[in-house]
Amino acid sequence: MNDTPSAGSEVVEQVSALVEDVFGRLKPVLSGAEGLMAASADATADDLTRLRPQVFDVLGGLVVGAGFISAPNALADQEFGFEWWTETGDAEPAQLVISLDPDSDNFLDYTRQSWFTVPRDTGRRHINGPYVDYLCTDEYTLTFTVPVQRSGTFTGVVGADIYVREVERLLQPKLRALGGRAALVNAQGRVIVSNNARQATGSLVRDVDVPAWWSSGAEPVTTENGTTLRRCGDSPIALVRSER
């Protein structure tokens, strides 16, 4: 394994650039949502249709889904609001329709999902996953979300989905070139992409305490057993490498 200071730098930099690109593409949607919610305390679910041009512009490339999800009672005419669209290839984007009726057996209480709760509680952008998106695609997914506020009050999130398999397609050749075992993991130590079958997507890295490292400040480190950890820019994603 190459242990020079530059080892893995290309992977770290590419992941950081990928993350910033997705969040950058969400900026017009965020601006539109904040403007819409700030313009009137009586914004309705129908008003959310104004965001569609910005949402459609986000779709394509890595981004397979995008939209705005409102906080409870942020809209004047209904408790919940969900304006989400998915990429369909050559066809027009498809709107994701879910039950917003709490009395329905099919009601999806999105206010319990971490892609919603973390931006709400921290006021910061968030990446959720990898997780299997049973609502949309049944595929391993990463969801990027940013909080929307009106006069300092949380009113929802804008977000985007990307498939883990597309991240794997881009990065696995570089991970393989590193030698040994190398994996990109989230802050909980769950594998996003790796260069070996022993670290499958969704599994937990167990030979190093990734959450503890993250809590301590996530500075680059090499453990006693030779495992190195490096954060990928300002994202909650780290490169974990070992010779074994």
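Helices (H or I, at least four residues) and strands (E, at least two) are DSSP runs, numbered from the N terminus. The model is predicted, so local features need pLDDT of at least 70 and side-chain atom pairs count only at pLDDT 80 or more, while totals for chains, interfaces and linings use all residues. Residues are numbered from 1 along each chain as its sequence is written, and side-chain values use heavy atoms, with hydrogens and water left out.

The predictor's confidence in each residue, pLDDT, is given from 0 to 100. Its mean for the protein is 93, with 97% of residues at 70 or more. Over residues 1–5 the pLDDT is below 50, and this stretch has ten contacts (heavy atoms within 4.5 Å) beyond near neighbours in sequence. Where pLDDT is low, the predicted coordinates should not be read in detail.

Leaving aside residues up to four places away in sequence, Ser 99 touches Ser 104, Asn 106, Phe 107 and Leu 108. A polar atom of its side chain lies 3.5 Å from the backbone nitrogen of Asp 101.

Next comes strand S5 (residues 140–150), which is largely enclosed by the rest of the structure because nine of its eleven residues are buried (under 20% relative accessible area, 1.4 Å probe, protein chains only). Strands pair if DSSP finds at least two bridges between them. S5 runs antiparallel to S4 (residues 126–132), joined by five bridges, and antiparallel to S6 (residues 153–163), joined by ten. Thr 145 of S5 is the bridge partner of His 126 and stands opposite Gly 159 in S6. S5 and S6 form a hairpin with two residues between them, and Ser 151 in the turn has a positive phi of about 55°.

Notes: A polar contact is a pair of N or O atoms within 3.5 Å; within protein, one must be able to donate a hydrogen and the other to accept it, and residues adjacent in sequence count only if both atoms are side-chain atoms. Buried means under 20% relative accessible area, exposed over 50%, partly exposed in between (1.4 Å probe, protein chains only).
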